[in-house]
Amino acid sequence: MIENGLYVVKRDILSIITSLGGDCDVASGDKRPVFCCVKDNKIDGLYWAIPTSDISHRDASQIEYYKMCMQCDERDLRSCYYHIVHGNRTALYKISSCYPITDKYIDHEYTVNKKHVVIQRREDIAEINRKFRKILSMENRRPNYFKQHITDVKKYLIQELANPNNSETNKETNIDGIINMLNID
């Protein structure tokens, strides 16, 4: 993965999130692109993904809600939940729905005209990263604060990165086994 690139994830990462008690878009989360905004600076092989969506099919009340959140005072965490990028298509970045990911769970690059889509506008990248850091800061203070259980997913992936030979075993583990694996320090 490269930073600022868009990718399509494998259903496996969504299954991990839900098996750990998190909530994510299981129905179509593996069909929409995710924005790989940041390579983790502490854990080699760990990246952070932000789900994206075409905003054109959203109804007026949903768009108003996104705008209301983005217009909140900067000290209000809701101001960081979303970011709208205007380009060829207007895209919604669901920053508060971010989750950690590894190369293993990337299905393929998201392409347009056979070219990998990589976000270029520095202003959008800077704003998404600013909001993303505030979301992670809250998550660090209050583990599993967000619906996708970021902390549990991160622990799972760190364990998987530490034991790559056990990845098939990890995939087949039942929920009790997954919970036991999270008791790492």
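Is Tyr-65 buried, partly exposed or exposed? Tyr-65 is partly exposed, at 37% relative accessible area, where buried means under 20%, exposed over 50% and partly exposed in between (1.4 Å probe, protein chains only). The close-ups below come from a predicted model, in which local features need pLDDT of at least 70, side-chain atom pairs count only at pLDDT 80 or more, and totals for chains, interfaces and linings use all residues. Residues are numbered from 1 along each chain as its sequence is written, and side-chain values use heavy atoms, leaving out hydrogens and water.

**View A. Tyr-65 and Tyr-82 form an aromatic pair.** Rings of Phe, Tyr and Trp (its six-membered ring) pair if their centres lie within 6.5 Å; planes under 30 degrees apart count as stacked, over 60 as edge-to-face and the rest as tilted. The whole structure holds eight aromatic pairs. In this one, the centres are 6.1 Å apart with 75 degrees between the planes, which is edge-to-face. Tyr-65 sits in helix 2 (residues 60–70) and Tyr-82 in strand 4 (residues 82–85), so the pair ties together parts 17 residues apart in sequence. Helices (H or I, at least four residues) and strands (E, at least two) are DSSP runs, numbered from the N terminus. Tyr-82 is buried, at 12% relative accessibility.

**View B. Tyr-145 and Phe-146 make another edge-to-face pair.** Here the ring centres lie 4.9 Å apart and the planes meet at 80 degrees. Tyr-145 is partly exposed at 35%, while Phe-146 is buried at 6%.

**View C. Helix 1 (residues 11–19) has a buried side.** Ile-13, Leu-14, Ile-16 and Ile-17 are buried. They cover an arc of only 155 degrees around the axis, which puts them on the same side of helix 1; the arc is that of the directions from the helix axis to the C-beta atoms. These residues pack against strand 1 (5–9), strand 6 (99–101) and helix 4 (150–162). Just after the helix, Gly-21 takes a positive phi of about 95 degrees.

**View D. The largest nonpolar core has 30 residues.** Such a core is a set of buried Ala, Val, Leu, Ile, Met, Phe, Trp, Tyr and Cys residues joined through side-chain atoms within 4.5 Å. Phe-35, Ile-50, Tyr-93, Phe-132 and Ile-135 have the most contacts inside it. Helix 3 gives the most to this core, six residues. Contact means heavy atoms within 4.5 Å, and among the residues that Phe-132 touches are Cys-37, Trp-48 and Ile-95.

Note on methods
Lists of a residue's contacts leave out its neighbours within four places in sequence.
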